[in-house]
Amino acid sequence: MVLVPLQFAGLGAAAVGLLFLAVAIIAVYQAIVIVDAYDKKALTVFGEYRKLLQPGINIVPPFVSRTYTFDMRTQTLDVPRQEAITRDNSPVTADAVVYIKVMDAKKAFLEVEDYKVAVSNLAQTTLRAVLGDMELDDTLNKRQEINARIRRELDEPTDEWGIRVESVEVREVNPSKDVQQAMEQQTSAERRRRAMILEAQGERRSAIEEAEGEKQSNIIRAQGEKQSQILEAQGDAISTVLRAKSAESMGERAIIDKGMETLERIGQGDSSTFILPQELTSLVGRYGKQLTGSDIQESQGLDSLEFDAETREMLGLDDIEDILGQIDEAAEMDTEALEQEAAAVKEGNIDGDIAPADEVIAEADAEDKSDIKSADEVVSESNNGSESSDGDAAEAEPEAETE
């Protein structure tokens with residue numbers, strides 16, 4: 001029989017007590033599981049799935065339990081850059097971002113080993129397949145279509161894993177360097193083409209506006225020349241009539257002067273007896289009245305003659321101011337019309353209300369034809385009047401000589 005000292009027996013009891021206390025503390029620590037508000041945990045006991053631990057404090061069997069955490073928030077997965085060949089045999093590289101959310105933690109725990117890796121690999125293969133079914137231009141321009149197709153391809157398998165794909169965003173799609181250089185050259189050529197087209201359109205618009213302005217200027221100049229010709233013709237007619245009236249007024253004065261010269265030559269002769277025609281005596285008397293204002297003989301032959309009503313109407317003397325007013329009004333109307341048409345040309349309405357120059361000139365000819373004809377008639381009538389006056393004077397002279 002071995003006797004153990006009491007001292008050693010006390011130490012053993014203390015050690016056992018300490019060991020039991022440590023085991024109790026560890027058991028309590030493992031039995032209490034705290035789950036965050038945005039997480040859920042799958043619980044297994046002896047490797048058997050039991051339940052999902054909800055947020056808060058949960059009691060589990062110690063030492064034989066294990067928990068697996070699942071983040072229930074939206075998570076971001078980066079899809080590595082992938083190389084693909086488009087349908088028109090152009091190599092491209094692309095990467096994307098996938099936004100997922102765990103909807104059923106039990107399926108995510110039991111149906112797939114690592115849902116993040118699984119979704120990432122599935123997104124890579126889907127991205128390559130989608131790019132391979134599209135042409136190069138579509139891969140560069142139709143980003144939304146690519147995103148939608150990838151999301152549709154990911155929805156069905158991820159639903160079985162309890163994962164929902166919320167969004168897919170393709171970040172970059174880059175063609176090869178050779179294709180990029182060709183695209184840059186194409187873009188530069190397109191920009192040069194547009195610049196040349198714009199420059200040509202600007203030159204064409206400038207030429208059109210310049211031609212329209214020159215056309216309107218020629219129209220106004222032609223109308224001014226026509227009106228000037230009308231006034232010049234009327235002035236010539238008036239001058240002709242004035243000369244005829246002046247000749248008629250100066251006719252008798254010229255006869256009297258000729259008679260006085262004859263008297264002077266008679267007076268220089270040696271004879272003391274002179275025989276004077278009666279007409280010469282009458283002319284001398286009328287000449288004396290004009291010089292002295294005496295009442296030897298009433299005569300109005302030397303008075304300045306006024307135009308009668310018929311002559312003034314024929315010459316259009318009373319309508320000269322109206323004609324000038326009409327000319328000014330026509331010039332003003334043409335100027336306003338030119339400004340309106342120039343504004344229409346600036347706004348791009350090149351084929352608007354602007355009439356061809358030939359048509360405008362033809363209309364101006366039709367309007368001024370009657371006026372020009374009237375001026376010609378005035379000149380003709382004035383010439384006829386002058387001829388008739390000269391004829392009367394010629395007839396008067398033989399009668400005087402006969403008497």
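A polar contact is taken here as a pair of N or O atoms within 3.5 Å, where within protein one atom must be able to donate a hydrogen and the other to accept it, and where residues adjacent in sequence count only if both atoms are side-chain atoms. The structure is a predicted model, in which local features need pLDDT of at least 70 and side-chain atom pairs count only at pLDDT 80 or more, while totals for chains, interfaces and linings use all residues. Residues are numbered from 1 along each chain as its sequence is written, and side-chain values use heavy atoms, with hydrogens and water left out.

Asn58 belongs to strand S4 (residues 56-59), where helices (H or I, at least four residues) and strands (E, at least two) are DSSP runs numbered from the N terminus. With a relative accessible area of 14%, Asn58 is buried; the term buried means under 20% relative accessible area, exposed means over 50%, and partly exposed lies in between, for a 1.4 Å probe and protein chains only. When residues up to four places away in sequence are not counted, Asn58 touches Ala31, Ile32, Val33, Val35 and Leu53, a contact being defined by heavy atoms within 4.5 Å. Asn58 and Ile32 are 26 residues apart in sequence, and their C-alpha atoms are 5.8 Å apart in space.

An open sheet of three strands was found with the order S3-S2-S5 and antiparallel pairing, two strands being paired if DSSP finds at least two bridges between them. Strand S3 (48-53) and strand S5 (65-71) each have a single partner strand and stand at the edges, so one side of each is left without a neighbour in the sheet. Strand S2 (residues 39-45) pairs with S3 in the antiparallel sense over five bridges, and Leu43 stands opposite Lys51 in S3. In strand S5 lies Ser65, whose side chain has a polar atom 2.6 Å from the backbone oxygen of Pro61. Apart from neighbours within four places in sequence, Ser65 is in contact with Leu43, Thr44, Val45 and Val60.

A further antiparallel pair is formed by S6 and S7, which are joined by ten bridges. These two strands, S6 and S7, form a hairpin with five residues between them, and Asn89 in the turn has a positive phi of about 60°. Within this pairing, Thr74 stands opposite Lys101 in S7.

In soluble globular proteins, nonpolar side chains tend to be buried together. A nonpolar core is defined as a set of buried Ala, Val, Leu, Ile, Met, Phe, Trp, Tyr and Cys residues joined through side-chain atoms within 4.5 Å. The largest such core has 34 residues, and those with the most contacts inside it are Val98, Ile100, Tyr115, Leu127, Ile150 and Ile163. The elements that give two or more residues to this core are strand S6 (74-85), strand S7 (91-102), helix H2 (105-110), helix H3 (115-132), helix H5 (143-160) and strand S8 (163-175), and the largest share, seven residues, comes from H3. A second, separate core of six residues includes Val33, Leu43, Val45 and Leu53.

Helix H3 also holds Thr126, which counts as buried at 7% relative accessibility. A polar atom of the Thr126 side chain lies 2.7 Å from the backbone oxygen of Leu122, and Thr126 touches Ile150, Glu153 and Leu154 when residues up to four places away in sequence are not counted.

Aromatic rings of Phe, Tyr and Trp (its six-membered ring) were paired if their centres lie within 6.5 Å, with planes under 30 degrees apart counted as stacked, over 60 as edge-to-face and the rest as tilted. By this rule the count comes to four aromatic pairs. The rings of Tyr49 and Phe109 have their centres 6.0 Å apart and their planes at 35°, so the pair is tilted; since Tyr49 lies in strand S3 and Phe109 in helix H2, the pair ties together parts that are 60 residues apart in sequence. Tyr49 counts as partly exposed, at 21% relative accessibility. The rings of Tyr68 and Phe109 have their centres 4.8 Å apart and their planes at 40°, so this pair is tilted, and it links Tyr68 in strand S5 with Phe109 in helix H2, 41 residues apart. Ring pairs link Tyr49, Tyr68, Phe70, Phe109 and Tyr115 into a cluster.
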